[in-house]
Amino acid sequence: MTQQINTPRGCFALRDSGGEAFPVLMIHGWPETSYCWEHTLPYLPSSFRYIRPDTRGMGDSERTLAPEAYQKHELAKDILVLADTLGLGEFALVGHDWGGVIAQEMALLAPERVKALVVLNIFLLNNRSGSLLAQQKIRNQGARAEWYQVFQQQPVLAEAMIPGNEEVWIRYFVRSPLKNRQLPEDSLQAYIQAYSQPHTPTTAANYYRTMFEDVHRWKTLQNQPFTMPALIIYGQRDPVVIPEYFEGHQNCFTQLRGVVNIEAGHFVQEEQPEAVAMALTQFLEEVL
């Protein structure tokens, strides 16, 4: 169950393991919710506090319709203010997909508060050369894997076509490419239920409708490395976030502790929760 937290930037839902241990903020991606960490948690040590928010427009958090609220540095401010409201000073960040982008934006906005950074299956905002290389390969292959991004960027289409078809929409995107590694049914139902809430086709699409403004900002980050201890976890069968995105990743960090490759697709923490938890545990216990 989620709890609702009112902040100066709005009302956000979160799941919280509670306690006084050092906090680890775990941020989900699209089309997930904070539920995406539920199958990883049983394998994680109880020596940390795991706080999993629903980001704006997703899960049980508020549905803001204004597109500008979904620029990724604005979503990062949401989670920073949520951390303030919870009384958190310093914390570790773990982010998957768009959650990994939000985590990186938070690490740039408040590096003095972020004591560890983990990104799962997402590109690096300050790796312009890797992103250009990956995008060139994707274009050469016809960009078929990214069609859903262009679809959601169009006015009206998501709003016209997704309502009533939420289950088809969600099941299409969370199919694992690994045999016998399908996502748990309870996770699928959580995402279908969240996407069925009013205005979600709009708010979820806004994550993609703001990409032009996001990319314009990210082009300025080439020489801004992440300074806190960091870890990359990568499900190596991801058809969208392809390996070329990580070419030159060594230049993006001053304290990169490693890249952990896992036999999984894009939804690595749900396809291989035990392996992801093992990598997280080793890293967090080493640096915190």
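Helix axes here are lines fitted to C-alpha atoms over the stretch in contact, with angles running from 0 to 180 degrees between N-to-C directions. With that in hand, welcome to a predicted model, in which the axes of helices H1 and H2 cross at roughly 75°. Its largest pocket has a volume of about 510 Å³, and the structure holds 17 salt bridges.

**Where H1 meets H2**
- Helix H1 covers residues 72-85 and helix H2 covers residues 98-109, and their axes come within 8 Å.
- Angles of 65 to 115 degrees count as roughly perpendicular, so that is how H1 and H2 lie to each other.
- On the H1 side, the contact is made by Lys72, His73, Leu75, Ala76, Lys77, Ile79 and Leu80.
- H2 brings Trp98, Val101, Ile102, Glu105, Met106 and Leu109 to the contact.
- Sorted by class, this contact has nine nonpolar, one polar and three charged residues.

**The largest pocket**
- A set of 24 residues lines the largest pocket, and Phe123, Gln135, Met211, Val215 and Tyr245 lie nearest its centre.
- Helices H3 (128-140), H4 (147-153) and H9 (211-218) each supply at least two residues of the lining.
- H3 gives the most to the lining, with five residues.
- The lining has 14 nonpolar residues, along with five polar and five charged ones.

**A salt bridge to look at**

Note on methods:
Residues numbered from 1 in each chain as written. Predicted model: local features only at pLDDT ≥ 70, side-chain atom pairs only at ≥ 80, totals over all residues. Heavy atoms only, no water. Helix = DSSP H or I, 4+ residues; strand = E, 2+ residues; numbered from the N terminus. Parallel < 35°, antiparallel > 145°, perpendicular 65-115°, else oblique. Contact = heavy atoms within 4.5 Å. Nonpolar A, V, L, I, M, F, W, Y, C, P; charged D, E, K, R; others polar. 1 Å grid on protein atoms, 1.4 Å probe; cavity = no way out; pocket = protein on both sides within 12 Å on 5 of 7 lines; lining within 4 Å. Points joined across faces, edges and corners; volume = space filled by probe spheres on them. Salt bridge = Lys/Arg side-chain N within 4 Å of Asp/Glu carboxyl O.
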